[in-house]
Structure formats: C-alpha cells, structure tokens
Amino acid sequence: MAIRMFCHFCVLLLVFAEDLECIPGFQQKVFHIEQPSEFTEDQPILNLVFDDCEGNDKLNFEVSNPDFKVEPNGSLVALKNITEAGRALFIHARSAQAEDMAEVLIVGGKDHHGSLKEIFKIEDGSLGILRQKRAIVATPILIPENQRPPFPRAVGRVIDSDGTEGSKFRLSGKGVDQEPKGAFKINENTGEISVTRSLDREAIPTYQLQVEITDVSGKSIEGPVLLDIIVIDQNDNRPIFREGPYVGHVMEGSPTGSTVMRMMAFDADDPATDNALLRYNILKQTPDKPSPNMFFIDPEKGDIVTVVSPALLDRETMENPKYELIIEAKDMAGLDVGLTGTATATIVIDDKNDHPPEFTKKEFHATVKEGVTGVMVNLSVEDRDDPATGAWRAVYTVINGNPGQSFEIHTNPKTNEGMLSVVKPLDYEISAFHTLLIKVENEDPLVPDIAYGRSSTATVQITVLDVNEGPVFHPDPMTVTKQENIPIGSVVLTVSATDPDILQHQTIGYSVYKDPAGWLEINPTNGTIFTTAVLDRESPYVHNNVYTALFLAIDSGNPPATGTGTLQITLEDVNDNAPAIYPTLAKVCDDAKDLRVVVLGASDKDLHPNTDPFKFELSKQSGPDKVWKIAKINNTHAQVSLLQNLKKANYNIPILVTDSGKPPLTNNTELKVQVCSCKKSKMDCSAADALHISMILILLFSLVSLFCL
C-alpha cells in the first residue's frame, strides 16, 4: 500500500535530535495513510522504526486496535481482512530501557474501537481524539516530560483546510493564558504548536487547549476546537516509603511461611507504565544469626514472611530478638535501570510461654520473731522468657502448711521474686517451727507442649524466735458499774493479767497509765483499783456516763515487757445537781397591755428521774409587792406575768425551782426584770429608776437604819 504524507487534514509531530545524541523512541511518530477498500491480512501497511539506544532488549509493541499487530521487524500488519479500522491507530512500544507512542492517521476512516485512551488508560472525556469542526483539524499531541532545552520546541501543528486569506490561529486554555501560563504557544500564521519549557507529568498529566481561527480584526470565524496535549511519562521519580516506621511482630516458633508484615512503597510516575511497577528485595538483615536469611519478601506484594524452621525462630537462643531489614523497592519491574528507594523494617520476635519458672533452690530458710509481721524471706526463680511479658512474670501460691492463713506471698514486680510475709503474728509458745510448700507459675499459661515440673515448687522452713511478750489483761476492756459520789477509798475492781511466756516464770506488777480525772489508784501487787477522789458523772471526763482509764501490767523480764488494759466505769446518777432557770433577764414595757413577761425554762445536769418535772415558785410576796405571778406551762417551763403595770425600773424577782429527785433539790435564782418606756416601737431601758426589791426588804433596811442611829 502506498504511503504518503497527507498535509491537508493532519498534525505534524516534529522530533529533533538533541546534541546529536541517540534519542530513545520512534524515529517517526506520526504517519498518514489513506483508507483502502480493505486492509489485507498479513500484508505490510507501513514500517515502524523504534530505537531505545540500548539494543531494544525485550521490545514489545501494542496496537490500539486488536485487529492489528506490529511484527518484530517493525512492520504494521492486519491480523485479518478488515474494511474499517477507524480514523487512527496508536502504537505503543516498550523495551527494557524506554517506551514511546506513534500515531497512524487514516484519512477517510471512520470512528472505531480502540484508541489512545485504552493504551494510556485515560478516563472518558479527558482526551479529545480527532475532534474536527469545519476546516480545523486538531489531533492529540504527545510530549515526553522532562525535555531538555533548547526551547521553544515545535511539537505539532493544527491545520486550516480552508486557508481563508488573512485568517489567524488563536490558542487558549490552561497552559496558555491560564495557569500555568505560557507553557504552549501557536504560530498564528502556520498553526505550529510549540512547548516553551520542560513539562512534569506528575504535576499535570494532560492539557486541554482550544484552537480558533480569527479574521484580521480578531473575531472568531471558526472554532473553538479542543486540542489535547498528553504528557508522556518518564521514569523520573524514585519509589518512596511513606508510612514508616515499619515494625512487625512474629511469635517465636511460628511455622515457616508465617506472614510478618507488608511493605508498601509509592512511585509518583504513571501507574500504567513500568515506571511505577515496583519490585521489592531484602538488601540486608541485622543480625545475621542464626541464619543470614531469616525472612523473605514477596517481590510484587511486599509481604515479609519467615523462611526458617520454627526451631530456629527461638527467642531464647537469639543474640537479639529484634531484626532490622533494609528493604529496597525498585521501579521498572525491578530491572537494573530502575530507580530505587529503601526503608528499614524492624521485626520483633515475640515471646511465648515455653519456659516455666524454676526456683533457684529446692529449700529456703527463714527466721522470724514471734509477734511481728512483714516480709521474712524472698524466694528467687529463673525464667528464660521475655521479662516484659506475662510469660516471665511469676505468681506464687502457698499450697501447704498455712492452715491459719498466717502467711502470704506476693511477687516483687521488679525482681520477680516471691516476697513471703507473716500477716498474722506467730506465737512461739504454740509452734516454734513452720514448713510451707510454695508453687510458682506464670501469669500467662504455658504453651500446650510444656508443663510445670518439680523445680516449680519449693519448701520454706521457718523458725520462730521466742521474745518476752507483755502481759495480757483478761478481759480487755474491763467494765464495772458504780454510783457517782461513792466514798473515797472505795474498791472499784481487781484486775488480772497473765504472761504469755508460760515457759518463763515471771511476776507481774501493776500501775496507772492514764487516769484523766485523777480519781483512781491501783495496788501494784494484786491489781486492786480504788478511788482517790469523788466520782462525778457530770464531769467533762465522763462520756455517755462512762469514765475510761488505762492501766499497765509489767512483767519481771529483762528488759521487762508491758501490757495495757482498759477499764470502763459506768457511773450511775445521784441527785447531786439542783436545777437552774433560764433566762435570768427579761424586759417589759411600762404601758404593756400584755402583762406576760417571760417564759422560764429549767435544766438539770442529772438524769431522769432526778430532773423534771420541775416545780416553779415565787418567794413569798406581801403587801403592795404582790404584783408578780408564775404559772406552770409544762414539766420544764413556766410563765412569769405582771398583775399590773409598773413604773420604769429594774426589779429582782426571787424564783424557786425544785427537781423530782429523792430527796429533791431546790435552787433559788433571781430573775432580773427591766420595765422600760416604749415609744414608737422603741424600748428605752437606759434611764431606769433605782432597783426595786420586795417591800419587806425595804422595811427591814429602814428598821436597821433607825436602830443604828
């Protein structure tokens, strides 16, 4: 089939040699052919020349239309007889060193399946292929990223088939008059498209520009027509690991092939090309014992797995249960020309409880004084598991020899030792020796094939030392009931104390330890307690009718030991307190209509029945002094009233109050009453007349005065 350049409806892709160097890729990138009546099977259509400047190793061609292929010698042929092939074919070539795209425009062809979108995996709507409006032909332009100067560089041409005289081309869109501005320009006369600087596919992979034809005045006469510019990826980005730090864990003894972790790297290049096709590899393992190849990484997925036997994956035999792997990710599917990135993967061999704790000795010895508590011995164990885990932490239990629960054992969280303590004081006189059986286990259960052995139990021999113990009062506290006011020298109680040291024949003496009121004394030999003062139930040292004193019992040991006993005396009440009235001051207006002066109350320190009901009385009144009266309200209160209004003055009223004790006690108290002037709701008691007392007292005073004269 004849091949000729068709320039009326085409885009020319101009490729320049750079510094006379070999430029990898197709030597011609755009071809034009006329649509034949039929493409004949296996008949060469045209010849493509691709050179990666390195010998074309692993060269492979892909054609956008699956009904065509490119032979190894570069010949484009049809796989069967075809009448319609579409308006364009795109050929993608890829070798181990380079890749490129060529375009075959079929003049007179119709739209057909298979396009540049399929090869580059570009979404619908993002690529305008062979868009044509009237006389403007603008097919996609492919530009490799990272081109080197000189710039500007011609990359294609837009054709005006009408060629109206005086018309001009105008280019607009992102990359021209929109940011990034000035990346492309067009020759307004010829339609030649130029790129003015190096492009970065990772920043902007495609540009959509608009082409118009304007008249001399700048008015648009054709268009706009979309012009797609596609930036071809170059391998200019190294793989990077973005999610570190990378730490994985695997249990010791895990089966061969156990997955530890996954390493994932990122490559900013085109994911549809080998530029972003990554392969993984382990460059270095530290430490390299017990095997330099403890792990393997899936070159495609990045999964790290164990490759040694479970026996070698033994944490307790390793120099260090932590491994560091230098992981390499390489693009270009791992070929030598690929770019690389590395990261460190840390793998921790986790412990499992495959070593039971064992006591360092079969028998431990301890000595403890009787009567004391606290830690008496630390039991040590050995465990080869990880100290930071429950597989190492020990749990101790007393399994025999502790019927009275006198002993407890707890784990020291720092040393893992068992701290055996006395929690209930031991008594030498009851038992001078104790034998305990202790077992030790881990917080975590052992693995199924491991069991606790004899070394996980130990015996503790405890010797109790005799000490001089203080005498003990029986009972304690000692209680007795006595009446208050019993005669001084009365016997209260005879106390008794015994010495727990039954094997030591010692005597016991007694003394007063605390006697807050100073009421008591004790016979130092026989323990008889007697009074040295009157017992008073109403004393501030008595609480809830009980007086408390402490006494000592002292043995004859060297040094002597002391015991303390408590005596509680319950005091019975005696009617030894007369009642008292309250208040003792009252005020009343001299013109009061209500002659009730005050309500009196009475209180008594004694207990019932030596208290209320109280009897209230006025001392005898005679003559004109009979101006007061008192009336009982209830058992504890009475009302004092005037029989008539009095002049402004101060008056002392003698009040008698008597309790119900047997015999009863009476208290005579003067109630002071101030008669005040009251005006405008204000009471004035400041200018009271001379104190008024009963007329009898005045007459007596007068008689005494006359007699003395």
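1. Arg315 is buried, its relative accessible area being 14%. In this predicted model, the side chain of Arg315 forms a salt bridge with that of Asp386, at 3.3 Å from N to O. Arg315 sits in the loop between strand 24 (303-306) and strand 25 (322-330), and Asp386 in the loop between strand 30 (381-382) and strand 31 (394-400), so the bridge ties together parts of the chain that are 71 residues apart in sequence. Asp386 has a relative accessibility of 19% and counts as buried, because the cut-off for that class is under 20%.

2. A second salt bridge pairs the side chains of Arg94 and Asp274, with 3.4 Å from N to O. Arg94 belongs to strand 8, whereas Asp274 lies in the loop between strand 21 (259-262) and strand 22 (279-286); the pair therefore connects parts that are 180 residues apart in sequence. Asp274, at 18% relative accessibility, counts as buried. Salt bridges with shared partners join Arg94, Asp274 and Glu99 into one network.

3. Asp100 and Lys29 form another salt bridge, and their closest N and O atoms are 2.1 Å apart. The two residues come from distant parts of the chain, 71 residues apart: Asp100 is in strand 9 (residues 99-107), and Lys29 is in the loop between strand 1 (25-26) and strand 2 (30-34).

4. Side chains of opposite charge can pair when their charged atoms come close. How many salt bridges does the structure hold? The count is 21, and the pairs Arg315 with Asp386, Arg94 with Asp274 and Asp100 with Lys29 are among them.

5. Ser167 is found in the loop between strand 14 (159-160) and strand 15 (168-173). Is Ser167 buried or exposed? Its relative accessible area is 16%, so Ser167 is buried. Leaving out residues up to four places away in sequence, Ser167 touches Asp160, Glu188, Ile213, Thr214 and Ile221.

6. Leu79 is also a loop residue, placed between strand 7 (75-78) and strand 8 (88-94). With a relative accessibility of 37%, Leu79 counts as partly exposed. Beyond residues up to four places away in sequence, Leu79 touches Glu41, Pro66, Asp67, Phe68 and Lys69. One of these contacts, Asp67, is 12 residues from Leu79 along the chain, and the C-alpha atoms of the two are 5.4 Å apart.

7. For the chain as a whole, the assignment gives 2 helices and 54 strands. Of the contacts between residues at least 6 apart in sequence, 67% join residues at least 24 apart. The Arg94 and Asp274 bridge, whose pair ties together parts 180 residues apart, is one link across such a separation.

8. The chain has 709 residues, and buried residues make up 44% of them. Its accessible surface comes to about 36800 Å², and carbon and sulfur atoms account for 52% of that area.

Conventions:
Residues are numbered from 1 along each chain as its sequence is written. This is a predicted model: local features need pLDDT of at least 70, side-chain atom pairs count only at pLDDT 80 or more; totals for chains, interfaces and linings use all residues. Side-chain values use heavy atoms; hydrogens and water are left out. Helices (H or I, at least four residues) and strands (E, at least two) are DSSP runs, numbered from the N terminus. Buried means under 20% relative accessible area, exposed over 50%, partly exposed in between (1.4 Å probe, protein chains only). Contact means heavy atoms within 4.5 Å. A salt bridge is a side-chain nitrogen of Lys or Arg within 4 Å of a carboxyl oxygen of Asp or Glu. Accessible areas come from the Shrake-Rupley method with a 1.4 Å probe; for residues, only the protein chains shown count as cover.
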